[in-house]
Amino acid sequence: MSIRRQLLTSDSITVDYRVGIGALQQINRMVRSVMGKMRRALILYDPDISDDSLASVCEELRDLGIEPVSIKLSEGERIPTVAEASSVFESLAKAKINVDDAIIGYGDADLCSIVSFCAALWCGGTQALLIPTTLDAMVTAATSMRALDTAHAREMVFLQPSPALVLSDLAYVVGAPAESVRAGYVALLRSAIFGSRLSWERFGQQIRPILNRDEIAIADELISAQSSRLAVAKASNPSARHARSYGLTCARALRRCLGGDVADYALLAEGMRFEARLAHEVTQFDIDDVFAQDDYLEELGVAELRIDFDEAMFLEALTETSAAHSNRFLFALPRNPGTIRLTAVDTDVLERHVRAFLKSRSSGSVKG
């Protein structure tokens, strides 16, 4: 397939988004056309990037007269932190990167988030090139970042990313193990419900081709996701800009109750299931859409979680994790696909839904 291109424009910022099989092989031409005159580039890359792939990127940059410096980020599971960002700043200083140079992130969503954050602050704004290697990063890197942790708070430091170029090579996705792409499936599903009734219904039709790793179907949904996510980021209504919080309030509470052994995407999927049911009662979100979301998640292989803790514990977690982010206890609830707004929920309604949710997820009640 040919390399697809989409320009994402917001205020004075334009992100050039490219996607397709073999996109990485065209990095020379794309950097030349998008990123202007550079002398140096700092490449931050994941440990699982092959030596040959890294060498190829470096050689393409040298052909443009750009001197690359490459740094492998930490081995093992990485949680982006302010401390890690500080270390990157020191690396930028040692590499003598200035405002006319570039910072390149080559890896997963966490790595792309660190690069987006550091690039936005270094010299008041330095060009970033992101090469996401996981499906969830391909969905999100152009429009949002995973918030960084501090020593005492989780996911509290973030900004709106503005990379000059995002290069999504689907070769990293089409042969990837099923477990490694499920976070991307959830990100695509959420982006579809952010968008419109059309994008939501079209996503349901694309699930089977996506599961079959059809690169055209995946590229179509990635392009659609960029439009949906950009529309949320640009929304004039402050409440509408919180659409990307759909499912997060519940997911954060579940993380507090369940600890760190459950994948973030699984928690987010449960948050969406719970909040969709809240929305059906509070905003009259169509019950057919609630069940469609359940069906989509099941088709994508994102199973319901087994949960065994009491109602008081979950309600306390909902209240306290929400209070860490806002003085208002609100949920981002859909009214329709494409319309998600911050909404207050009466205490008795919330308690009833919590009770029903926990009962449905207790031992012996969970679907496989």
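Predicted model: local features only at pLDDT ≥ 70, side-chain atom pairs only at ≥ 80, totals over all residues.
Local features were taken at pLDDT of at least 70 and side-chain atom pairs at pLDDT 80 or more, while totals for chains, interfaces and linings use all residues. Residues are numbered from 1 along each chain as its sequence is written, and side-chain values use heavy atoms, without hydrogens and water.

Helix α11 spans residues 264–282 and helix α14 residues 347–361 (helices are DSSP runs of H or I, at least four residues, numbered from the N terminus). Their axes lie 11 Å apart and the packing angle is about 140 degrees (axes are lines fitted to C-alpha atoms over the stretch in contact, with angles from 0 to 180 degrees between N-to-C directions). α11 and α14 are therefore oblique to each other (under 35 degrees counts as roughly parallel, over 145 as roughly antiparallel, 65 to 115 as roughly perpendicular and the rest as oblique). Their crossing is right-handed (the near helix is turned clockwise from the far one by less than a right angle). In α11, E270, R273, F274, R277, L278, E281 and V282 meet V349, L350, R352, H353, V354, F357 and R361 of α14 (contact means heavy atoms within 4.5 Å). This contact has 7 nonpolar, 1 polar and 6 charged residues (Ala, Val, Leu, Ile, Met, Phe, Trp, Tyr, Cys and Pro count as nonpolar, Asp, Glu, Lys and Arg as charged, and the others, Gly among them, as polar).

α11 also packs on helix α12 (residues 287–299), with axes that come within 9 Å and cross at roughly 170 degrees. The two helices α11 and α12 are therefore roughly antiparallel. Residues A269, M272, R273, A276, R277 and H280 of α11 meet I287, V290, F291, Q293, D294 and L297 of α12. By class, 7 residues in this contact are nonpolar, 2 polar and 3 charged.

Helix α7 (residues 178–195) and helix α8 (residues 197–211) cross at roughly 160 degrees, their axes coming within 8 Å. α7 and α8 are therefore roughly antiparallel, and the crossing is right-handed. Y185, L188, L189, A192, I193 and G195 in α7 meet S199, W200, F203, I210 and L211 in α8. The contact of α7 with α8 comprises 9 nonpolar, 2 polar and no charged residues.
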